[in-house]
Amino acid sequence: MEFADSAEQSDLRSAVRAFVRRHATPDQVRAAMAGPTGYDPKIWERLATELGLAALAVPERFGGAGAGPGEVAVPVEEFGRVLLPSPYLSSAVAALVLAGAAAECPDAAGRYLPGLADGSVTGALVLGADVTADGGTADDRTVTGTGRNVVDGAAAGLLLVQAGAELFAVAASDAAVEPLETLDQTRRQAAIQFDRARAMPAGSAAPAIALYRVLLAAECAAAAEQCLGVTVDYLKTRRQFGRPIGSFQALRHRAADLAVAVSSAKATARAAVWTAATNTAADNTRASNTASAESADLSVLAPLAALHCSRTFLQVAGEMIQLHGGIGFTWEHEAHMYFKRAKSTQLLLGPASALRAEIGGAAGLLPA
Amino acid sequence: MPDADAFRADVRGWLSANLTGEFAPLVGSGGPGREHEFVQERMAWERRLGADSWIGLAWPESDGGRGLPWRHQVIFHEEYARAGAPARVGHIGEQLLGPTLLMFGTAEQRARFLPGILAGTQLWCQGYSEPGAGSDLAAVSTRARLDGDQWHLDGQKVWTSLAQFADWCFVLARTDPAAERHHGLSYLLVPMRQPGIEIRPIVQLTGTSEFNEVFFDDARAAAADIVGAPGDGWRVAMGTLAVERGVSTFGQQMGFQREFEAVLATARANGAIDDPDLSARIVEAWVGLQVMRYTAMATLGRPAADSPGTADVARTVANVNKLLWAPWHQRLGELAVDVAGAAATIAGPGYDLDHGQRLFLYTRADTIYGGSNEIQRNIVAERGLGLPRDPR
């Protein structure tokens with residue numbers, strides 16, 4: 001397992017950080033989340049075209065850079081750190097999924113990947129929703145049902161819809177999309193209804209679910225690290241009783257516990273990203289069938305990383321408010337934005353009991 | 001340099017060829033709560049390890065070690081634990097005194113002491129803690145006075161693991177009675193078998209004794225057997241801790257895996273796995289084990305930013321990892337007896353405890369020894385996060 005950035009990933013991270021410093025300042029983030037779509041289309045266009053981030057996960061023959069989850073995780077982490085509102089994560093997962101399914105589902109890949117690559121189309125995922133599929137042949141499949149919590153769904157042109165174990169690509173224009181106000185204003189959702197909407201097969205739902213969880217875990221770990229950094233800075237500068245509050249053991253010990261939690265979340269997210277990246281690479285060379293026996297199983301690691309990193313993020317964001325005292329309770333301070341992102345992410349990932357059951361089953365701990 | 005996979009095969013092959021015959025009963029023996037088991041046999045096992053050069057893997061070849069890189073050391077610890085090889089009786093010499101001599105010892109001291117550790121023939125114990133100096137180690141009050149060619153020691157050490165079997169003890173003693181705190185301490189090498197030393201076992205809450213009290217009543221050490229200069233003992237003792245990179249963590253985690261599997265087997269056998277609360281805790285214990293493994297892999301063995309005064313969590317990885325594993329291990333102990341249920345309330349004849357009972361009781365020590373978790377948090381806060389010290 002590799003836990004450090006490759007040279008290319010490190011360069012990419014520097015470029016994304018430079019972008020974030022210019023285009024994702026706290027004021028810009030707040031302005032974006034208050035806008036009609038919940039994100040700033042100009043920032044999206046810049047990151048899609050100037051930085052070429054939208055094309056990252058799209059195979060070269062569809063106009064992309066042909067990178068994998070290891071590279072996609074870099075902007076996901078850096079945007080997560082500052083809570084930049086953007087459909088990047090959803091759209092990148094859609095691109096990774098379609099790229100992985102391109103061989104068996106060339107129609108969906110050919111129709112959507114070029115648009116995802118140039119950023120003219122964004123994707124959203126409708127997973128775990130109450131949706132069923134009809135139709136017999138690939139040409140006349142339809143989906144019917146409702147997705148109540150479709151993250152980044154309002155502006156998406158492509159919807160990847162789970163129906164049972166299958167995944168379908170549906171044009172948003174073939175569905176009824178209702179934008180929603182969200183508790184976490186940095187990440188909007190939509191309610192989407194499908195009434196016998198035309199659906200192109202896009203492979204199995206499992207890779208979409210796994211990649212979504214892995215990248216959310218990476219985002220949670222990075223955002224948690226940011227919360228810790230902001231909080232530690234405050235503990236060093238805020239003075240009460242004539243000294244920095246960070247000199248009080250009651251607070252130092254809590255900060256230390258958060259540092260331990262953040263270290264563990266970062267490592268776990270990294271392990272999951274690495275596993276997703278090597279699995280993807282193995283898929284792309286399936287003929288050779290040389291997947292390492294040492295590689296961990298994504299069916300275990302994706303729910304495990306999602307469980308651990310989302311609750312760590314929530315723990316750190318909650319402590320961020322408490323350790324800032326009154327200022328941490330204000331709208332003006334950024335702590336509430338992280339707290340809301342953390343809880344929303346955790347709720348969208350589903351109850352811990354369900355993730356545990358999945359982990360226990362996949363790891364062979366619990367009876368099937 | 002052997003290739004990593006070849007080295008792993010080599011370790012595995014050696015263990016399966018040697019952990020047989022007279023050593024077969026040692027599988028799974030020793031370690032926390034069980035250090036009293038098979039001591040003579042484990043001393044013989046230590047010599048067998050030494051004879052085939054499995055001690056001092058990390059030490060430089062010029063000092064008799066094998067100069068192997070981090071990855072190989074991890075492999076050795078993993079395979080050692082996977083095979084259930086017995087807890088080492090020589091680890092204090094290999095992991096603590098040896099590295100100290102490599103950093104601070106004279107050429108004469110290295111030539112004199114390292115070969116015995118490498119051969120597994122010379123066992124060491126650590127004389128740091130005292131009744132009045134636990135978390136506050138700088139409060140050491142054992143005194144040593146130089147008279148001619150000998151140090152004379154008076155005082156008491158406590159929580160001294162394996163003192164009853166050790167040939168030597170490295171002792172942190174106050175050699176300058178006028179100095180305070182961490183000034184005026186010296187790091188002395190003291191032979192254990194002498195009239196001035198008395199060892200009394202401490203009976204722990206497990207009913208067994210791993211730890212001892214060691215009393216010095218005009219005990220003697222040769223004038224030359226001091227590491228570093230007189231008064232330099234604090235720097236020497238702390239220097240060893242600073243280079244400890246926690247390679248043994250990987251072996252320890254393999255041991256945790258075995259303990260977890262024992263709990264899981266009990267839960268399957270007695271139906272506890274069907275209880276929703278217990279099954280949730282079983283999965284959480286397993287999740288915690290994976291998280292600790294990834295954290296150790298991501299952090300240990302990587303150099304920290306080495307600018308003094310700069311806060312960097314990477315400088316405190318051993319502390320971070322201990323803050324993860326010690327509470328996890330305690331929860332596993334609690335889970336072990338909860339899975340067993342009321343059966344865990346019955347002890348064997350002579351207060352012979354089973355694995356789960358011992359785990360439940362002994363893991364209370366995990367958050368205390370080697371620096372209590374409160375001390376670990378102080379270190380992470382100060383050295384890792386750069387938070388100001390609290391007034392002491």
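How many residues of chain B are in contact with chain A? The count is 31, and they meet 34 residues of chain A, where a contact means that two C-beta atoms, placed from the backbone, lie within 7 Å. On the chain B side, the elements that give two or more residues are α8 (276–299), α9 (317–340) and α11 (373–384). Here helices (H or I, at least four residues) and strands (E, at least two) are DSSP runs, numbered from the N terminus. The largest share, 14 residues, comes from α8(B). By type, this side splits into 20 nonpolar, six polar and five charged residues; Ala, Val, Leu, Ile, Met, Phe, Trp, Tyr, Cys and Pro count as nonpolar, Asp, Glu, Lys and Arg as charged, and the others, Gly among them, as polar.

All of this comes from a predicted model, in which local features need pLDDT of at least 70, side-chain atom pairs count only at pLDDT 80 or more, and totals for chains, interfaces and linings use all residues. Residues are numbered from 1 along each chain as its sequence is written, while chains are lettered from A and ligands numbered from 1 in the order in which they are written.

As for chain B itself, there are 11 helices and eight strands. Its C-alpha atoms fill a box of roughly 70 × 50 × 50 Å along the principal axes. Of its 392 residues, 43% count as buried, that is, with 20 or more other C-beta atoms, placed from the backbone, within 10 Å of their own. Among chain B contacts with a separation of 6 or more, 71% link residues 24 or more positions apart.

Notes: A residue is buried if 20 or more other C-beta atoms lie within 10 Å of its own, exposed if 12 or fewer, and partly exposed in between; C-beta atoms are placed from the backbone.
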